[in-house]
Amino acid sequence: MKISVIIPVLNEEKVLQKTLQRLKKGVDLELIVVDGGSVDRTPAIARAFTRKVFTSPPGRARQMNEGARQAEGEILLFLHADSQIAPGGLGKIVPAITGGQALGGAFRLTIDSQNIFLRMIAWFANLRTAITGIPYGDQGIFITRSAFEKIGGFPDIPLMEDVELSKKMKRAGKIALLKEKITASPRRWIKEGIFLTTMKNWTLLACYHFGVPAERLAARYRNVR
């Protein structure tokens with residue numbers, strides 16, 4: 001089964017090359033980059049690795065849905081531009097679907113930092129996923145193309161599109177939570193501070209789960225991405 005890796009980007013010239021270089025060393029993949037209007041070298045960097053570079057209106061949901069429309073693979077892997085999958089991790093996706101009979105899944109999260117608080121954040125994120133069965137976007141969500149189309153893809157909302165997709169996946173079938181790691185960049189926490197960023201993320205999640213619309217949350221927290 002062919003895997004299409006879909007990466008939504010917006011001004012990611014500082015991190016995209018490293019991610020694409022790592023992917024090129026993995027299993028046979030189709031690399032798809034969907035740009036939301038970058039004004040830096042992001043599109044040029046992407047074109048050095050793949051001919052499948054597309055544009056769409058900004059917003060991860062819209063960009064990832066566009067990437068899925070352009071994909072040829074039977075499996076779709078949605079990956080953040082600053083995330084690195086551990087060696088061998090990509091090779092576990094197909095067995096999880098064909099052998100484990102899952103319709104999709106995600107990886108175990110780590111954060112690229114020795115900071116004890118960031119390590120705790122990753123630990124709690126993995127515990128949350130183990131308990132709820134709902135992975136988030138920074139864990140590298142993968143899903144069969146047929147299941148993605150059946151559940152309607154990502155909802156066109158400015159935040160929490162990954163949460164909503166995972167909820168739909170859980171209702172539709174089995175989600176595989178792989179032991180292999182995906183490493184996220186700590187740049188968001190470094191930029192705004194670990195405590196402030198964590199409190200903001202938890203507040204957003206709590207408000208969303210209590211019914212506050214994603215559009216309203218995005219208007220209040222415009223720099224959460």
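The largest cavity is lined by Arg 60, Met 64, Phe 78, His 80, Gly 137, Ile 141, Phe 154, Glu 161 and Asp 162. A cavity here is a set of points on a 1 Å grid over the protein atoms alone where a 1.4 Å probe fits but cannot get out, and lining residues have an atom within 4 Å of a point. This is a predicted model, where local features need pLDDT of at least 70, side-chain atom pairs count only at pLDDT 80 or more, and totals for chains, interfaces and linings use all residues. Residues are numbered from 1 along each chain, and side-chain values use heavy atoms, with hydrogens and water left out.

**The cavity**
- Its volume, the space filled by probe spheres set on the points, is about 60 Å³.
- By class, four lining residues are nonpolar, two polar (Gly counts here) and three charged (Asp, Glu, Lys and Arg).

**The second largest pocket**
- This pocket, an open set with protein on both sides within 12 Å along at least five of seven lines, has a volume of about 210 Å³.
- Its lining includes Arg 108, Asp 112, Trp 123 and Lys 181.

**The surface patch**
- Ile 116, Phe 117, Met 120, Trp 123, Phe 124, Leu 127 and Ile 131 make a nonpolar surface patch with about 760 Å² of accessible area together (Shrake-Rupley method, 1.4 Å probe).
- Met 120 counts as partly exposed because its relative accessibility is 41%, between the buried (under 20%) and exposed (over 50%) limits.

Terms used
Patch = residues over 30% accessible without salt bridge, like charges linked within 9 Å, V, L, I, M, F, W, Y side chains within 5 Å. Salt bridge = Lys/Arg side-chain N within 4 Å of Asp/Glu carboxyl O. Buried < 20%, exposed > 50% of the residue type's maximum accessible area, 1.4 Å probe, protein only.
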